[in-house]
Amino acid sequence: MTVAAGKASTAMRPVGSPVSHCPPMALHSNKFIQWTRECSKLKVFRAGYNNLSGSLPEDIYKAAKLEEVAMPRNSLVGVISVRILNLTNLAILDLSVNQVSGVLPLNFGNLAKLKFLLLHWNNIGGSLPPSLMNCTSLIELNLSGNEFHGDISILNFSKLRQLARLDLFSNNLNGSFPMSLYSCKSLKAVRLGLNDMQGEIQPEILSLRSLSFLSLSYSRLSNIIKAMNILRHSESLIFLSLAFSYEADEESPADFGMADFDGFQNLRFLSLGGCNLVGEIPAWLSKLKNLAVLSLYKNKLTGPVPSQLGTLPRLFYLHLGSNRIVGEFPKQLLRLPMLVSESNQTADSDDAHLELPVITYPNRDCLQSLELNNNNFTGDIPTQISNLKELNVLQLSKNHLSGKIPSSLTSLNFLSNLNVSYNNLEGQIPKGTQIQGFDVSLFEGNPKLCGLPLPNECPTIKGTESIDDLDVDNNNEHQAAWVFVPVGFGFTVGFWGVCCSLIFNQTWRCAYFRFTEKVQDTFYVMIVLHINKMKRMLEASSF
């Protein structure tokens, strides 16, 4: 049975569940009503991506043959009843992105056939029941975004031989990285960040030969040099995030002491932001030819940007913000192939598959980002910035950049986020539809900058207006003079045309003079008669 997204309906599933034994389920006012007892043979129930509210109906626990219950992205509340242990055939339980609360039943491990437990982004709390480790068929365990607490290191994960994905991100767990996880040889993805994890990464992690995704961000780990020198030997690692996990640790050199670097050859995503790194950006990063996302945000990096970074063929997201990097705007980054040409993106068809959804990083299809804010960059913004045709985000705020904003920025059709605030820029902001639509705060802190969207207008150069007005007046005078040229030309042609005819043609000349004499005589007679008539009228009026 399936309740389709956005509407209530029933549909046959390919799984052999006799629909004749289960009449349609009613969802009046987006709340569950009791199931009828004829649903006892139901095997699959899916009602995800609706707006269902209320708690799980009690009758669901009577459907002992249920193998799948999937109701993600609704508004379900309440707790998971201990009666769920009656569903001994359950293989998939997905109540993710709801408002389920309470704690997990103590004997949750009785669901021995459970393969996918997806309860992420709810309000479930308490400690993880040790019996959960008895669910030996588990392939994916995702409890991220809840309120679980307790020491994770005491859990015995070694029984979960088939476990491929473990996501406990954003809880209140503590302890060190569980040593028992090293026995889970099928592990492909581990995310334990945003907890209170402590300790060091051990060499045993290399026994997880299928591990491609590791995120331990926002923890309290120590000895990042040891960790990086271990992890660089993981040949399957594609995604590595240690962001803000070594913020409280002592300062560490950014090259991690790896002069003759060799490793991370399959790495695509690397986040080392907030790891208290010092020194220059390591040159060995340019050897990571598969690197697509690099974040070294909020460290204490100095020196210029290595020119070799501009040669990385897959790099499309670079975040170097909040460091102490110096030098002019790194022109070498304007050659990044993934930012310059759209064809380079579509041609890359062998992208690595990430075992877990990425929360804090962009998808390559929707964002191309260059973030250099909060550093000590100087000089002009190069006009070649327009080479980055796919650029979507450009962050240059809080540097010492000078000169004008290149007008070529208006040719970046995908640019939706531009921040050049608090620099020494001057002149008029380039006129472009998307740039004039940006918030004024993205340009403030540049006293000599003017034009929209800033409120201060650009000053007019003295004398420009009077010269323009003079040009207009001169143009009007020239136009008025040309109006009389055809009139004079027409008069001249007509006058001499008549005179020449009278001079050289005797017949026309005699006829013309007779005509004029006749006209004169006619006018003379008319005037004399009119005068005599007026005299007679005056004489008559005098009597």
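User: Is Ile154 buried or exposed?

Analyst: This is a predicted model, in which local features need pLDDT of at least 70 and side-chain atom pairs count only at pLDDT 80 or more, while totals for chains, interfaces and linings use all residues. Residues are numbered from 1 along each chain as its sequence is written, and side-chain values use heavy atoms, with hydrogens and water left out. A residue is called buried under 20% relative accessible area, exposed over 50% and partly exposed in between (1.4 Å probe, protein chains only). Ile154 has a relative accessible area of 66% and is therefore exposed.

User: Where does Ile154 lie?

Analyst: Helices (H or I, at least four residues) and strands (E, at least two) are DSSP runs, numbered from the N terminus. Ile154 belongs to the loop between strand E9 (147-151) and strand E10 (165-167). Its C-alpha atom is 8.9 Å from that of Ser180, a residue 26 places away along the chain.

User: How many helices and strands does the protein have, and what percentage of its residues count as buried?

Analyst: The protein has six helices and 30 strands. Of its 543 residues, 46% count as buried.

User: How is a sheet to be read, and in which order do the five strands of the open sheet stand?

Analyst: Strands of a sheet pair through backbone hydrogen bonds, either parallel or antiparallel. Here, two strands pair if DSSP finds at least two bridges between them. The open sheet has the order E23-E25-E27-E29-E30, with parallel pairing. Strand E23 (326-328) and strand E30 (448-450) are at the edges with a single partner strand each, so one side of each has no neighbour in the sheet. On average, neighbouring strands of this sheet are turned by 20 degrees against each other, direction ignored; axes are lines fitted to C-alpha atoms, for helices over the stretch in contact, and angles run from 0 to 180 degrees between N-to-C directions.

User: How many bridges join strand E29 to E30?

Analyst: Strand E29 (residues 424-428) is joined to E30 by three bridges, and the two run parallel. Glu426 is placed opposite Lys448 in E30.

User: Which residues touch the most other members of the largest nonpolar core?

Analyst: In soluble globular proteins, nonpolar side chains tend to be buried together. A nonpolar core is a set of buried Ala, Val, Leu, Ile, Met, Phe, Trp, Tyr and Cys residues joined through side-chain atoms within 4.5 Å. In the largest core, of 120 residues, those touching the most other members are Leu93, Leu117, Ile205, Met228, Leu240 and Phe443. Helix H1 (residues 224-231) supplies the largest share of this core, five residues. A second, separate core has 10 residues, among them Phe213, Phe239, Phe316 and Tyr317.

User: How is an aromatic pair described, and how many does the whole structure contain?

Analyst: A pair of aromatic rings is described by the distance of the centres and the angle of the planes. Rings of Phe, Tyr and Trp (its six-membered ring) pair if their centres lie within 6.5 Å; planes under 30 degrees apart count as stacked, over 60 as edge-to-face and the rest as tilted. The whole structure contains six aromatic pairs. Phe177 and Tyr182 are stacked because their ring centres are 5.4 Å apart and their planes are at 20 degrees. Both Phe177 and Tyr182 are buried. Phe239 and Phe269 form a tilted pair, at 5.5 Å centre to centre and 35 degrees between the planes.

User: Which aromatic cluster contains Phe239?

Analyst: Phe239 forms one aromatic cluster with Phe213 and Phe269. Phe239 counts as buried at 4% relative accessibility, and Phe269 is buried with a relative accessible area of 13%.
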